[in-house]
Amino acid sequence: MLILANLAEEVQIAYRRRQKLKSGDFADENSATTESDIEETLKRLVCQLKKSPLEVFDALKNQTVDLVLTAHPTQSVRRSLLQKHGRIRNCLTQLYAKDITPDEKQELDEALQREIQAAFRTDEIRRAPPTPQDEMRAGMSYFHETIWKGVPKFLRRVDTALKNIGIKERVPYNAPLIQFSSWMGGDRDGNPRVTPEVTRDVCLLARMMAANLYYAQIEDLMFESSGSKFLQANPIV
């Protein structure tokens, strides 16, 4: 119940911040949501700090944020339960949509009931410590669920913010604004089960999972491209 209350509170706080951001009603900049501050930050650099748009663009291209995924052998919450909590959060977020219809609201209410019941029936605690390979699978699940789509979305917002301060060029593809590193399978500081053989297995597993992500994306792109050609050659009346 405490977890559900926290999820509801998170969604409510995010909604209130978005509403205040739209109206500009903020007592201080720390109240604003981070994801919506990109353009405001760049404009502040230009207008208040008197930096030229080109200086901002050059500085942005030459900086990198390295996000490191760490291994937590003591993590007791099961990944399946975390995924259910994520779906509950998504349902709550969708309920705040302005154009939601009564039928859609009913469907979301029913989906919430299903996810909550499923969460109540899911064992919360791991009964056995995870292996380094399990840790890698858990870490890669964040790519599947959030990072794979979230990072491109963020980079598009950066491009839009740059365009709005007068930069017509996009951030180059070879400029890694965000990159990822990992301790999983390589942390020999406190996990006696991590050996050179385990590190090799985890690296191969990570490569395979990354290749599958790219392969699925390429398949989608091929389908969209072939569909476009088909529609051009065979218009549907």
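The model is a predicted one, where local features need pLDDT of at least 70, side-chain atom pairs count only at pLDDT 80 or more, and totals for chains, interfaces and linings use all residues. Residues are numbered from 1 along each chain as its sequence is written, and side-chain values use heavy atoms, with hydrogens and water left out.

Helices here are DSSP runs (H or I, at least four residues), numbered from the N terminus. Helix α6 takes in residues 132-164, 33 residues that should span 48 Å at 1.5 Å a residue, and its end C-alpha atoms are 45 Å apart, which agrees. The expected span is 1.5 Å times one less than the number of residues. After α6 comes G166, with a positive phi near 105°.

Now for the packing. Two packed helices are described by the angle between their axes and the distance between the axes. Axes are lines fitted to C-alpha atoms, for helices over the stretch in contact, with angles running from 0 to 180 degrees between N-to-C directions. Helix α2 (residues 38-47) packs on α6 at an angle of about 35°, their axes 9 Å apart. On the α2 side, I38, E39, L42 and K43 make the contact, and on the α6 side F154, R157, V158, A161, L162 and N164 do, contact meaning heavy atoms within 4.5 Å.

Helix α4 also meets α6: their axes come within 11 Å and cross at roughly 20°. That makes α4 roughly parallel to α6, a label for angles under 35 degrees, while over 145 is roughly antiparallel, 65 to 115 roughly perpendicular and the rest oblique. The crossing of α4 with α6 is right-handed. R79, L82 and Q83 of α4 touch R137, A138, S141, Y142 and E145 of α6.

On to α5 (residues 102-120), which packs with α4 (residues 79-94) at an angle of about 160°, the axes being 9 Å apart. That makes α4 roughly antiparallel to α5. The crossing of these two, α4 and α5, is left-handed. Residues making the contact include L81, I88 and L92 of α4 and L108, L112 and I116 of α5.

Notes: A crossing is left-handed if the near helix is turned anticlockwise from the far one by less than a right angle, and right-handed if clockwise.
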